[in-house]
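Thank you all for making time this morning. Please have a look at the sequence and the model first, and then I will walk you through a few parts of it.

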Amino acid sequence: MRDSSRLTRRAALGLTAAALPVAAATPASAATAIGGERLARAGIQVGDAATLPKKLTARSWLIADHKTGEVLASYRAHQRLAPASTLKMLFADTVLGKFERTRTYRVTDADLADVPSGSSLVGVKPGITYSVHQLWQGVFLRSGNDAVHVLAHMNGGIAATVAEMQAKAKDLQALDTHVVSPDGFDHPGQVSSAYDLTLFARHGLHDDDFSAYCSTRTANFPAGGKKTFQIQNTDRLLSGAYGLRPYRGIIGVKNGYTSHAGNTFTGAATRDGRTLLVTVMHPANGGNEVYKETAALLDWGFGKGSSATAVGTLVDPLSEGGATASPTPSGKGVKGAPGATGAAASSSDGPSPWPMLGGAAGAVVVLAGGAFALRRRRAAVAAATSQEAVKSQEAAKSPELDGS
C-alpha cells in the first residue's frame, strides 16, 4: 500500500525523474532525417528494386557514390546495430592525424592492460618500440585491438579517446552512433548504422594516410630486436583469401566481426573514375557472405545502378559547412532502429521498445495524476528490465573474437 501510494503521488505531481534514466540510458535516437526522409523508412529504398541483387540477407545495407554523396539504394540505413571493428574507421578519423608517422613509442604493460579478452590482436608486446606508422598498420591490416589501445593511450587514454570519437561522430552527423570503446569490441550500448559507417569511410578516404593504410595488403611488423613477421589485411575482397577473388577496383576499407555483431563490412571500389561505397551489416550467414553481398551491391552500382535516382545523400560534416539535419516528428522510421543494440535487439521486424519508453516518460508529464500514466510508467520499467536481461544473457554466451 505504501509503495503504491508513493508512486501515485509521484504521478500526480508530474515528477518524471524516475522515468528519465530509462530513456536516457539509450543513445541518441536514430529516427532522424539525416540524409533524407527516405533513408528513415523501413524496407528497401531504390528507384527500381527489381534490378537489385536477389539474395541480400543483411539486416542493414547501403550503397553510395563517394564523390557526390548520393545514396543509390539502402535497406534500413539508420538501423542501429553493433558495429564490431568497422568502428575503427571512426577511431582513425579521430586520431590518425594527431601523430607523425615516424614518431616512436615504447609500449608498456599499462598500455595493454585494458585490451578486452578475446580481442583480435596484431601482436604488440610490452618493451618493444614501435613507430606510429607500424601501429596504424596493425589497426588497419589486422584489426589489432592491442594497437588501438596503444594509440588511444598515446592520445590521452581510453576515456578521452572515446569522448573525442563521440564528438567526431557528432561533427560528421553520424547520430546513430554511440561510442563505448575505441576498438569496436562489443559493449552494451555501443551501436552504429550502415549510414554512419559509410560516413566514416567517406570522410576517411579523403585522407591520404587513411586511404593508403586501408588498401595495404601486407606489411612487416616488429617482433623484437631486428626480427619482423608478416601481417596480411583481413579484408577478403582486398586479399582474395578464403576462396574469394580480389574484387576488381577494390580500395579498402574495413571489416569486422564479433559474436554479437556478426559480420560487418564497409568497402570501397573504383571503376572508370567512379568510386562507390558499400556497407553491409550482419548478413544471415557468416564467413564470406558479407563480402559476397558487398561485391553484389558494388556490381549493381557499377552496372544497372549507374543511372539510379538517388534516394538520399551522405551529408557533409558540420565543420565543413554541412547543414544540420532536423529530427523527424516521430520515431516511425526504420523498424527497430532506435535502441537496437545488436543481434538480439534487432532480429525482430517488430517495433523497438525504446520509442515506447520515451512515450512513457512523456505520458507521466502530460497525464500527471492519472492512473493511465502510472500503468504506462510501470510497463515501461518492466520493458526496460526485460531488455537489460536479454543483453546480459547475450553478453554471457561466449567471448567475442573481434576483427575477422
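What you see is a predicted model, in which local features need pLDDT of at least 70 and side-chain atom pairs count only at pLDDT 80 or more, while totals for chains, interfaces and linings use all residues. Residues are numbered from 1 along each chain as its sequence is written, and side-chain values use heavy atoms, with hydrogens and water left out.

Let me begin with the cores. A nonpolar core here is a set of buried Ala, Val, Leu, Ile, Met, Phe, Trp, Tyr and Cys residues joined through side-chain atoms within 4.5 Å, and buried means under 20% relative accessible area, with exposed over 50% and partly exposed in between, using a 1.4 Å probe and protein chains only. The largest such core has 61 residues, and those with the most contacts inside it are Val 124, Trp 136, Phe 140, Tyr 195 and Phe 210. Apart from it lies another core, of 25 residues, which includes Leu 52, Trp 61, Tyr 247 and Leu 298. As general background, nonpolar side chains tend to be buried together in soluble globular proteins.

If we set aside the neighbours within four places in sequence, Phe 210 has contacts, meaning heavy atoms within 4.5 Å, with residues including Met 89, Leu 96, Phe 140 and Val 253.

Next comes a strand. Helices (H or I, at least four residues) and strands (E, at least two) are DSSP runs, numbered from the N terminus. In strand β2, residues 60-65, six of the six residues are buried: Ser 60, Leu 62 and Ala 64 point one way, whereas Trp 61, Ile 63 and Asp 65 point the other.

Which strands pair with β2? Two strands pair if DSSP finds at least two bridges between them, and β2 pairs in the antiparallel sense with β10, residues 274-281, over six bridges, with Leu 277 as the bridge partner of Ala 64. Four bridges also join β2 to β3, residues 70-75, again antiparallel, and there Leu 62 stands opposite Ser 74. β2 and β3 form a hairpin with four residues between them, and Gly 69 in the turn has a positive phi of about 80 degrees.

Now to helix α5, residues 132-142, whose axis comes within 8 Å of that of α6, residues 145-154, the two crossing at roughly 135 degrees. Axes are lines fitted to C-alpha atoms, for helices over the stretch in contact, and angles run from 0 to 180 degrees between N-to-C directions. That makes α5 oblique to α6, because angles under 35 degrees count as roughly parallel, over 145 as roughly antiparallel, 65 to 115 as roughly perpendicular and the rest as oblique.

The axes of α3, residues 88-95, and α5 come within 11 Å and cross at roughly 155 degrees, which means that α3 is roughly antiparallel to α5. This contact is made by Lys 88, Phe 91, Ala 92 and Val 95 of α3 and Trp 136, Val 139 and Phe 140 of α5. Eight of the 11 residues of α5 are buried, so this helix is largely enclosed by the rest of the structure.

Finally, is Ile 250 buried or exposed? Ile 250, which lies in strand β8, residues 250-258, is buried, with a relative accessible area of 9%. Ile 250 and Leu 237 are 13 residues apart in sequence and 7.0 Å apart in space, C-alpha to C-alpha.
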